[in-house]
Amino acid sequence: MTDSILQRIAAGDSTAVEDCLKKYGGLVWSLARKMLRNSDDAEDAVQEIFVDVWKNAERFDETKSSETTFIAMIARRRLIDKIRHSNRRITADSLDDVLLEPFTRADKDMQLGLEAREAAVAMRNLRPEQQQVLRLSIVQGMSHQEIADATGMPLGTVKTHARRGILQVREHLGLGSSKQEVAL
Amino acid sequence: MTEEQRDLLFDLLTKKVLYGLEPSEEQQLAEFDQSVVEAEFRSLEITTAAINMAELGDFEPMPDHLFARVSESASEWMPNAAAEEAETAPAWQPAEDRGITYAEPERPSLGWFGWLGWAAAAAASIALALNLFVYRPATPEVAKQEPPAQPQPITPADLRAQLLTAPNAVKAEWSAGNVKEIAQITGDVVWSDDKQTGYMRFRGLPVNDANKEQYQLWIFEDAKLEAHPKDGGVFDVTADGEVIVPINAKLLTKSPKVFAITIEPPGGVVVSKREKIAALAKVAA
């Protein structure tokens, strides 16, 4: 069986570094651009994320998640940390920012892992308000309070939509068993 | 675990996975069974990453200079990277040009027969070189290794042109707002409800100092200009001449009637006081 890129990095195969950048550079860059809204910050973050990836490569377990999801998880940890330690406001945006596309985009061949494709299916099954809250919090990095301010929803409602929505998607992915949690 | 405790646990875990927790919340979480917390958190982290990828949109390629920068930093973590890169570098590129120096490997001492072998090999090489020189083609072709063709980036102008052809796309012309210095603004805005994307094209919108103020787009779905229009994101103008700015509407936008650009503090605002309106564009009824 061929080793994954992360397994090759963990084994010290330095040629895997470039393979990793080629394969996942676009993903990490796009995540950073979308969440940080500033190209300079995003560039710094991408560099730090890949260092995190090299350092954590040996912790990748293909029985728990796909390589793509593992790298996205590492990226998100770093990006959330960046957002928490910055003064970024929810509306910060940059001149040539990438665009959000509608949910139907998930039907395209995105070369993503199974988890992402299934998550797209699960998202479409959520209530519109839950979709909105998850989209704003996960993709845009907005806090519960910021979402409440922007949408006019009460803070408690935002929290509930976030919790129930995320648990429902998790249930769909087969990662948890919180039926009572996701009951609407 | 009671229903209430369970709600608290998942509220904390959801917040942790989405934004991180404050120290007091971390303390609350520490009171739960840590094996449960760890397992639940890990599965929520995977779920969130999957949603993030699913909802991200098409990936944008990493800029070349950033690719090079990250690749270079990798050598600090993977000491063999630089050496292997040198070994696999294109033959036509001199090592000196890449700033790579090689240590001479220590050679084993050669006996008499060894030197004889080297002499024979050298003679054969000279003969081969002479032969190639005499019988070289009249117009020698030097194999030149071209760098691989880079895909042409799709510019905002291309994307705008594509959007213009989308069914039901709307277009509106910019006109001046209430800022005297921005009276000569021209251009247009194109928006598609179906694609939830749009582009603004401007001429005459001055370059802004992003440390002092930024432009912010607002999208009104009511021609009477509702109190809480949709936030279209903030942006900077960094060059004179025509600029094209993608619209990043954060909320579902339907049948926009008016687009407005305000000037706001860096980072933008949640609710604009509408004191400085740089431009307005009304969609024809």
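Helices (H or I, at least four residues) and strands (E, at least two) are DSSP runs, numbered from the N terminus. This is a predicted model, in which local features need pLDDT of at least 70 and side-chain atom pairs count only at pLDDT 80 or more, while totals for chains, interfaces and linings use all residues. Residues are numbered from 1 along each chain as its sequence is written, and chains are lettered from A, ligands numbered from 1, in the order in which they are written.

**View 1. The loop with A:Arg59.** A:Arg59 sits in the loop between α3 (39-56) and α4 (67-84) of chain A. A:Arg59 is exposed because 11 other C-beta atoms lie within 10 Å (buried: 20 or more other C-beta atoms within 10 Å; exposed: 12 or fewer; partly exposed: in between; C-beta atoms are placed from the backbone). From A:Arg59 to A:Phe70 there are 11 residues in sequence and 9.5 Å in space, C-alpha to C-alpha.

**View 2. The largest nonpolar core.** A nonpolar core is a set of buried Ala, Val, Leu, Ile, Met, Phe, Trp, Tyr and Cys residues joined through C-beta atoms within 7 Å. The largest has 71 residues, and those with the most contacts inside it include A:Val28, A:Ile71 and B:Ala50. Helix α2 (residues 15-36) of chain A gives the most to this core, 12 residues.

**View 3. Confidence in chain A.** pLDDT is the predictor's confidence in each residue, from 0 to 100. Chain A has a mean pLDDT of 78. Where pLDDT is low, the predicted coordinates should not be read in detail.
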